[in-house]
Amino acid sequence: MHFPTAGGPLFRHLRMWHAVPASLVVAAVVAFLVLLPSDGARSVPNSPCRPVDSARRPTPVTPDLDGDGFADLVHEISGTDDFDVIVVPGSEHGPAHDRTTVLTHEDLGVPDDVQTGDDPWQPTVADLDEDGHADLVVSGAAQVLWGGPNGPQAGGAHGRVPLPGSGYSTAPVAGDFDGDGHTDLAVVRNSNEDPELVVLQGPFKRSGAPARTVEIPSPVHEGASPALVAGDANDDRATDLALYDSPWDPPLLFTGGARTAGGLSKEPERLPEGENVVFGDFDGDGRQDVAVGRSFVDSYDEVDTPHRRGQVGVRYGKEPGKWVSMDGGDFKEGFGARLAAGDFNGDGCDDLAVQLTKKKEAGDARIEVLRGGSEHGLGSKPWRATKRFARDGDNSVGGMLFAVHDWDGDGRAELALLGEDTWWITDGTDRDEASFPVAPSSE
């Protein structure tokens with residue numbers, strides 16, 4: 001995972017996760033990045049998007065730390081000398097920024113020597129100890145702040161997931177990778193000497209110790225730092241795990257529920273080339289679909305973008321052997337730089353939010369929302385566009401796609417865009433539902 005130096009661009013290599021399965025939720029690491037499947041929004045009356053019976057379990061679940069039924073907006077941000085997790089609780093009016101809580105590294109028990117950077121991430125939210133309350137897993141130290149009836153509290157009980165060796169820079173992602181009904185964690189160990197995928201199987205003790213730890217030889221080239229995202233690509237009881245955004249490898253998909261020590265398939269499936277992966281049910285048939293974004297924009301601004309349109313490839317659960325490719329934006333506009341799935345209009349089909357970014361470190365993002373539908377899945381143009389700007393000195397910074405959830409509990413997902421020191425919560429069209437500062441006022 002690349003970490004910029006202090007004072008570097010806030011959004012460099014921002015990832016959506018998601019989540020993780022959230023069991024996760026985070027993103028864990030994904031981080032990230034990761035972008036999140038829908039929260040199971042209710043269908044509008046007479047909608048053709050009505051899922052059939054499915055064995056699929058809803059992963060990731062919403063990041064509801066306080067158990068009030070509303071998803072919370074959770075992100076961790078760190079600098080060279082500090083580390084904070086900011087929690088904005090959800091409510092019937094969306095994220096309640098006037099009730100924002102800041103958890104410092106002292107509150108979380110994060111060691112002072114943990115590797116940090118200045119990128120914002122989605123921490124992992126999951127019930128690791130199976131007490132019915134969501135727990136919070138943060139940082140490359142995999143520090144756990146145990147939940148309770150009112151959510152994890154500053155100064156509350158701590159634990160730490162014991163990760164083998166060193167070389168971890170983000171929190172693990174969560175999911176039930178072996179299909180046994182317990183939440184597991186997965187993380188990439190970025191050691192140049194012995195990179196590997198680590199699976200920690202639940203349930204977890206209050207100390208943070210897993211039932212079992214499995215180390216899997218790295219499926220990517222030495223030196224690569226892929227992000228992780230979890231979902232269900234084959235409609236079974238186990239969570240699958242995708243690795244993406246390695247500069248030398250295509251995205252890889254491990255199938256969960258395998259008869260292996262870690263529950264993941266021995267050999268991953270190679271997905272079409274791209275820099276991010278997201279899961280969603282875009283045709284409303286109850287099966288998860290897979291989308292891969294390929295913007296052709298390099299991670300570093302000094303590398304010229306080829307004269308091409310960005311692409312999104314989609315594989316629908318009903319046709320697992322077929323990929324559908326869609327071009328978007330203009331040439332060199334970076335369509336597909338980030339993806340997030342969610343049901344923005346409540347019709348029962350997930351929609352796909354796609355970020356366009358000409359230069360990943362330039363803060364020039366805009367979002368296109370591709371509508372899902374029961375007949376063909378993701379529909380044709382016109383797509384809905386969203387763009388927000390915040391001032392950063394003499395420059396404008398575009399709102400980057402950070403997360404998708406139903407923060408107000410109305411059965412329709414919302415987009416969270418992050419620009420410098422501002423959040424925008426939009427309804428997936430071009431209408432703001434809320435905007436507020438990233439951090440609460442110190443006054």
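View 1. Strand β24 (residues 351-356) is joined to β23 by 6 bridges, and the two run antiparallel; here strands are DSSP runs of E with at least two residues, helices are runs of H or I with at least four residues, and both are numbered from the N terminus, while two strands count as paired if DSSP finds at least two bridges between them. The model shown is predicted, so local features need pLDDT of at least 70 and side-chain atom pairs count only at pLDDT 80 or more, whereas totals for chains, interfaces and linings use all residues. Residues are numbered from 1 along each chain as its sequence is written, and side-chain values use heavy atoms, with hydrogens and water left out. Across this pairing, Leu339 stands opposite Val354 in β24. The open sheet has 4 strands in the order β23-β24-β25-β26, with antiparallel pairing. Its edge strands, each pairing on one side only, are β23 (335-342) and β26 (384-386). From one strand to the next the twist averages 25°, with axes taken as lines fitted to C-alpha atoms and angles running from 0 to 180 degrees between N-to-C directions.

View 2. Strand β8 (residues 135-138) pairs with strand β9 (residues 143-145) over 3 bridges in the antiparallel sense, and Val137 stands opposite Val144 in β9.

**View 3. The buried strand β30 and its two pairings.** Because 6 of the 6 residues of strand β30 (residues 414-419) are buried, the strand is largely enclosed by the rest of the structure; buried means under 20% relative accessible area, exposed means over 50%, and partly exposed lies in between, with a 1.4 Å probe and protein chains only. In a regular strand the side chains alternate between the two faces of the sheet. Glu414, Ala416 and Leu418 point one way from β30, Leu415, Leu417 and Gly419 point the other way, and all are buried. Strand β29 (residues 400-405) pairs with β30 in the antiparallel sense over 5 bridges, and Leu417 in β30 is the bridge partner of Leu401. Strand β31 (residues 422-426) is also joined to β30 by 5 bridges and runs antiparallel to it, with Trp424 in β31 as the bridge partner of Leu417. In the hairpin of β30 and β31, which has 2 residues between the strands, Glu420 takes a positive phi near 55°.

**View 4. The aromatic pair of Phe402 and Trp423.** The structure holds 1 aromatic pair, where rings of Phe, Tyr and Trp (its six-membered ring) pair if their centres lie within 6.5 Å, and planes under 30 degrees apart count as stacked, over 60 as edge-to-face and the rest as tilted. The ring centres of Phe402 and Trp423 are 5.0 Å apart and the planes stand at 70°, so the pair is edge-to-face. Since Phe402 lies in strand β29 and Trp423 in strand β31, the pair ties together parts that are 21 residues apart in sequence. Phe402 counts as buried at 0% relative accessibility, and Trp423 is buried with a relative accessible area of 0%.

**View 5. Two nonpolar cores.** A nonpolar core is a set of buried Ala, Val, Leu, Ile, Met, Phe, Trp, Tyr and Cys residues joined through side-chain atoms within 4.5 Å. The largest core has 16 residues, of which Phe282, Ala291, Val312, Val314, Leu352, Leu370 and Leu378 touch the most other members. At least two residues of this core come from each of β21 (310-315), β23 and β24. A second, separate core of 15 residues includes Ala126, Leu128, Leu163 and Tyr168. Apart from its neighbours within four places in sequence, Ala291 is in contact (heavy atoms within 4.5 Å) with residues including Phe282, Val312, Val314, Leu339 and Leu352.

**View 6. The surroundings of Glu196.** Glu196 is found in strand β13 (residues 196-201) and counts as buried at 6% relative accessibility. Leaving aside neighbours within four places in sequence, the contacts of Glu196 include Pro164, Arg189, Glu215 and Ser218.
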